[in-house]
Amino acid sequence: MIEAKVALVTGASRGIGAAIAKALAADGFAVVVNYAGNANAAAQVVEEIKAQGSQAMACQANVADVQAVGALFDRIEAEWGRLDVLVNNAGVMTLAPLAEMPPRVVDEQIDINLKGTINTLREAANRLGDGGRIVNLSTSVVGLKLENYAVYAATKAAVETLTGILAKELRGRGITVNAVAPGATATTLFLNGKSDELVERMARMAPLERLAEPEDIARVVAFLASPAGGWVNGQTLRANGGTV
Ligand code: NDP
């Protein structure tokens, strides 16, 4: 069994997940860098972590695929023999008015954001060591209720509900379950398809008047995974510069 505590970050090949993986590695965790298709980007995150003197491995798995998620947790157990932290970060977003949202795109967001989170939570609930930590990524749009975000925000509202209930179901094991709900953050998921004007307008919605960088969110997740965050349980922590 590996000596360091082990953290699994889903969707850690880029964006917020990559920043979370690096922040947890800097805090001493051995990190599993999960990704869906972008093997090169995941390998680069692993190399960066190793260059800083921490341990990391890349593991492909589509979180929407129940079998693949089981195999992912089996592999972590086989290679490192323990799991202490799960960060459910993998997610997708397609924006459109509900009336125009193609059913295929509805399914994709539910499959990855909601069922994907359930798939990893089920495995974690059965396998996480005592004193472990779970952090799920939601979105501040659950509070903002912006047009075009209905399906995406609904999947994340469900994630917040899962968070509060799982925190209670894991009673007695010293495991905390929380959600972090970022506001607009400078990643492909947010920037894709938006005009410069729209990005600027959304950046200024926060009283702090800028987009978050992935590291702003990673620090909050790292806090919840650290001893300092140990008394926070069953909560959704909005990290959005004050937008909502
Ligand atoms: P990005 O699009 O930048 O990155 C998404 C990551 O998720 C990639 O690593 C991608 O892997 C991975 N991924 C996508 N689908 C799957 C899947 N089926 N199985 C496993 N991994 C998958 O997104 P962000 O970093 O912006 O978002 C991270 C999280 O934060 C998401 O849950 C998102 O909803 C949430 N969030 C983001 C906000 C923002 O403004 N950016 C605001 C609020 C919440 P690969 O590279 O292999 O495709």
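I sorted the lining of the second largest pocket by class and got four nonpolar, seven polar and three charged residues. My classes: Ala, Val, Leu, Ile, Met, Phe, Trp, Tyr, Cys and Pro are nonpolar, Asp, Glu, Lys and Arg charged, the others, Gly among them, polar. The model is predicted, with local features needing pLDDT of at least 70 and side-chain atom pairs pLDDT 80 or more, while totals for chains, interfaces and linings use all residues. Numbering runs from 1 along each chain as its sequence is written, and side-chain values use heavy atoms, without hydrogens and water.

That pocket is lined by 14 residues, and Ala167, Lys168, Arg171, Ile175 and Asn233 lie nearest its centre. A pocket here is an open set of points on a 1 Å grid over the protein atoms alone, where a 1.4 Å probe fits, with protein on both sides within 12 Å along at least five of seven lines; lining residues have an atom within 4 Å of a point. Helix H6 gives the largest share of the lining, three residues. Helices are DSSP runs of H or I, at least four residues, and strands are E runs of at least two, numbered from the N terminus.

Next I followed H6 (150–169) to the sheet: it packs there, touching E5, E6 and E7, where contact means heavy atoms within 4.5 Å.

Last, I noted the strand order of this open, parallel, seven-stranded sheet: E3-E2-E1-E4-E5-E6-E7. Strands pair if DSSP finds at least two bridges between them. E3 (56–60) and E7 (236–239) are the edges.

Notes
Axes fitted to C-alpha atoms, helices over the stretch in contact; angles between N-to-C directions.
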